[in-house]
Amino acid sequence: MQTVERITQLSLTKEEMLQDYRIACESRQASLTGRKEVFMGKAKFGIFGDGKEVAQLAMARFFRPGDFRSGYYRDQTFMFAIGELTVQQFFAQLYAHTDVEQEPSTAGRSMTGHFGTRLLDDEGKWKPQTTAKNSSADISPTGAQMPRLLGLAYASKLYRQNPELHQFTDFSHNGDEIAFGTIGNASTSEGVFFETINAAGVLQVPMLVSVWDDGYGISVPAHYQTTKSSISEILAGFQREAPGEQGYEIFKVKGWDYAALCEVYQQATQVCREQHVPVLIHVEEVTQPQGHSTSGSHERYKSKDRLAWEEEYDCIKQMRNWLITSGYADHAELNQIEAEAKEAVRVARAAAWNSFNAGIQEDHNQCLHLLEQLSNSISENASEIASLREELAKTINPLRSDALKAARKALRFVRKERGVAKRDLVKWLETVQGENAERYNSYLYSQSDESALLVEEIKPEYTESSPMVDGREVLQACFDAALAREPRLFAIGEDVGKIGDVNQAFAGLQDKYGELRVTDTGIRECTIAGQGIGAALRGLRPITEIQYLDYLLYAIQILSDDVASLQYRTKGGQKAPMIVRTRGHRLEGVWHSGSPMGMILNSLRGMHVLVPRNMTQAAGFYNLLLKSDEPALVVECLNGYRLKERIPANIGEFTVPLGMPEVLRSGTDITIVTYGSMCRVVMEAAEQLQTVGISAEVIDVQTLLPFDLEHLITDSIRKTNRVLITDEDVSGGATGYMLQKVIDEQEAWRWLDSKPATLSAQDHRPSYSTDGDYFSKPSAEDVFERVYAIMNEADPESFPSLF
């Protein structure tokens with residue numbers, strides 16, 4: 001571990017140092033002003049980067065085009081310094097401006113302090129990354145930026161070591177890029193931090209982590225957070241003993257010491273970039289002048305001595321003193337910079353506020369005009385409309401929703417009226433609701449021409465010689481063809497490499513394509529997912545395997561908060577087209593038979609969730625996803641790898657479209673809707689039902705997100721007039737989701753002659769053994785009896801009670 005106290009000379013000009021000081025002053029003034037704006041009611045919440053300005057300036061000095069940041073929501077100074085954030089954009093985000101030109105990081109979708117650069121053009125295509133200074137889009141959960149950081153760094157390793165990737169010069173220059181991570185000291189207590197640190201040390205990737213240590217986590221001091229109250233001390237065992245050994249370089253430096261910080265970052269980035277050695281920089285003695293956020297005051301939990309120390313060792317004050325004592329500037333020069341910074345922030349804030357308000361005020365004024373027209377044109381309730389208008393006119397700092405609320409309430413009063421004024425108000429309301437849907441509801445999924453929903457369907461082709469093989473061999477042939485076709489594709493996961501995964505779908509492919517393409521990982525589901533997210537952000541095509549669906553719980557927070565929300569929270573500015581491959585449903589025991597689909601569906605909106613019934617369908621999904629620019633979770637059937645399937649002749653080409661159920665068996669009496677391993681159970685039950693005169697139509701939904709886009713299930717119900725929805729999730733889980741989609745959204749209730757029914761697994765996890773499975777999850781007998789009961793109620797004479 002290296003501790004840098006002071007250096008004697010900097011390789012910076014006076015102009016560069018004074019420019020850094022200017023940025024620090026502007027950033028601090030933006031923080032101070034931003035806090036006031038929140039307290040004045042112009043913004044909902046504020047969390048700022050004051051106290052961390054000087055360390056971030058030093059980091060920015062050595063951040064090159066092609067590099068990536070995966071950061072912490074206090075990195076505003078860094079973003080100012082690399083030229084990827086203006087003060088006006090900073091305030092636009094504070095006000096939640098929905099114009100992507102004004103607020104390019106999130107278009108008002110994330111609160112202040114959440115930064116990211118636009119990696120995609122207006123058509124959703126990749127921009128060159130090697131000529132830009134790049135930042136992945138921030139998220140709020142503390143520590144959750146770390147798994148993605150690992151993937152960003154891992155991409156550099158692949159780009160350097162795999163010659164096939166050297167052609168992709170828009171994404172990398174021979175792997176010379178560093179992934180810079182930033183995190184607060186308290187957030188290093190999170191498990192994802194330690195998992196990422198360990199994984200990066202194993203992989204030896206160019207990941208540089210800066211820990212901003214201000215001694216607290218909101219009100220909780222470091223001795224409650226970290227053993228020895230020092231993250232660098234407890235990670236000292238990661239320090240490599242000599243060059244060439246596996247491990248880290250670890251530095252400690254004071255957050256108020258500009259010269260030492262520049263020296264540290266110069267040394268750290270050199271070893272990280274050239275040798276692909278991960279680095280940890282522990283930036284100590286950082287202050288937080290305004291406390292954690294606008295939610296509270298740090299005077300409540302910091303002692304007077306601590307507050308006095310923070311005032312004395314404020315990094316900007318210390319930088320000012322150093323510039324003067326070192327002879328780089330005098331008081332007058334710095335006073336002028338400070339005054340100019342204050343004025344620049346004032347002007348930028350005003351411009352941001354005026355721009356934010358302009359569009360809102362236009363809608364506000366138009367609504368006032370239309371309400372006035374309406375009140376003047378009706379015979380009844382005119383006073384009520386006038387009162388609504390008067391209330392709206394008095395609104396200070398109106399929101400977009402204020403005008404819509406008034407208009408919608410007004411229409412209640414004129415529901416029996418007709419006339420031009422009412423039609424004008426309705427037309428305006430429809431227009432602005434559409435505009436606001438684009439502002440607030442767009443880009444949950446890709447809107448580019450590479451959307452998974454736009455990929456052409458290619459049917460599987462079979463010949464007389466198409467062999468019957470184990471399902472695992474279908475997948476193996478699919479992955480073999482994909483790896484040969486796409487050099488950016490790689491697969492990682494526990495046991496994926498040497499043995500070709502626990503079910504052999506990658507068997508022999510590491511020997512054929514090498515360890516960089518088919519790679520074993522440690523047992524670390526969260527960072528396996530993060531490794532895929534970061535690599536996908538850098539143009540690669542990862543398949544990240546979670547060995548069993550039950551263990552997806554370790555990764556679901558990262559998938560939910562990061563990749564699933566990525567297109568949305570950047571309004572189409574970033575994408576991570578990764579595939580998460582796992583297996584679940586029926587086997588035996590509590591932790592190898594999971595089917596928590598309701599949890600997944602509610603957590604992963606923004607990813608596609610695909611539930612193929614066999615490996616041929618799964619292969620078609622993989623082929624389709626690799627042609628698209630979207631992330632997805634594919635849940636293979638755990639008990640299907642050794643079941644026989646015919647392998648298509650076009651195994652590497654055919655695709656299975658998303659959102660298109662398949663009718664597995666035609667029938668006339670009842671529609672049974674299911675997916676995955678339950679398809680075999682339901683098909684067996686349908687055969688049994690036929691013996692007693694019940695004709696069941698069996699539908700495999702195939703994908704849960706998206707779900708039945710053309711309403712094929714309702715078409716079936718229109719014929720059968722009855723429906724049973726069944727799966728292996730707990731009651732009210734995915735069956736509840738599917739029921740809402742079919743009955744409510746598709747309005748299948750119109751065609752029902754019997755109450756819609758569901759059949760799910762028991763609410764406990766499945767017990768061990770074959771009997772445990774039988775008594776825990778729906779069996780063919782369960783399906784038979786549930787359908788028979790529905791038919792008994794409808795026609796008891798033809799179907800007398802079984803019991």
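Analyst: A salt bridge is counted when a side-chain nitrogen of Lys or Arg lies within 4 Å of a carboxyl oxygen of Asp or Glu. By that rule Arg 28 and Glu 53 form a salt bridge, with an N to O distance of 2.7 Å. Arg 28 belongs to helix 1 (residues 14-39) and Glu 53 to helix 2 (residues 53-61), so the pair ties together parts that are 25 residues apart in sequence. Helices (H or I, at least four residues) and strands (E, at least two) are DSSP runs, numbered from the N terminus. The structure holds 50 salt bridges.

The model is predicted: local features need pLDDT of at least 70 and side-chain atom pairs pLDDT 80 or more, while totals for chains, interfaces and linings use all residues. Residues are numbered from 1 along each chain as its sequence is written, and side-chain values use heavy atoms, with hydrogens and water left out.

The domain assignment, whose bounds come from an automatic or database source, gives domain 1 (3-329), domain 2 (359-441), domain 3 (468-646) and domain 4 (662-794). For residues 469-643, an unreviewed UniProt entry lists "domain: Transketolase-like pyrimidine-binding"; UniProt positions are in the numbering used here, feature names are shortened, and annotations may be inferred rather than shown by experiment. That span is 39% helix and 17% strand, and its end C-alpha atoms lie 8 Å apart.

The part examined here is the interface of domain 1 and domain 3. Their centres, taken over C-alpha atoms, are 32 Å apart. Contact (heavy atoms within 4.5 Å) involves 47 residues of domain 1 and 36 residues of domain 3. The two domains bury about 3,400 Å² between them, 61% of it on carbon and sulfur atoms; buried area is the accessible area (1.4 Å probe) that two parts lose on being put together, summed over both. Arg 109, Trp 126 and Glu 195 supply 17% of the area that domain 1 buries against domain 3, more than any other three residues.

Three salt bridges are counted between domain 1 and domain 3. Arg 517 also forms a salt bridge, its partner being Glu 164, with the closest N and O atoms 3.5 Å apart.

On the side of domain 1 that touches domain 3, helix 5 (145-161) and helix 6 (191-203) each supply at least two residues. Helix 5 gives the most, with eleven residues.
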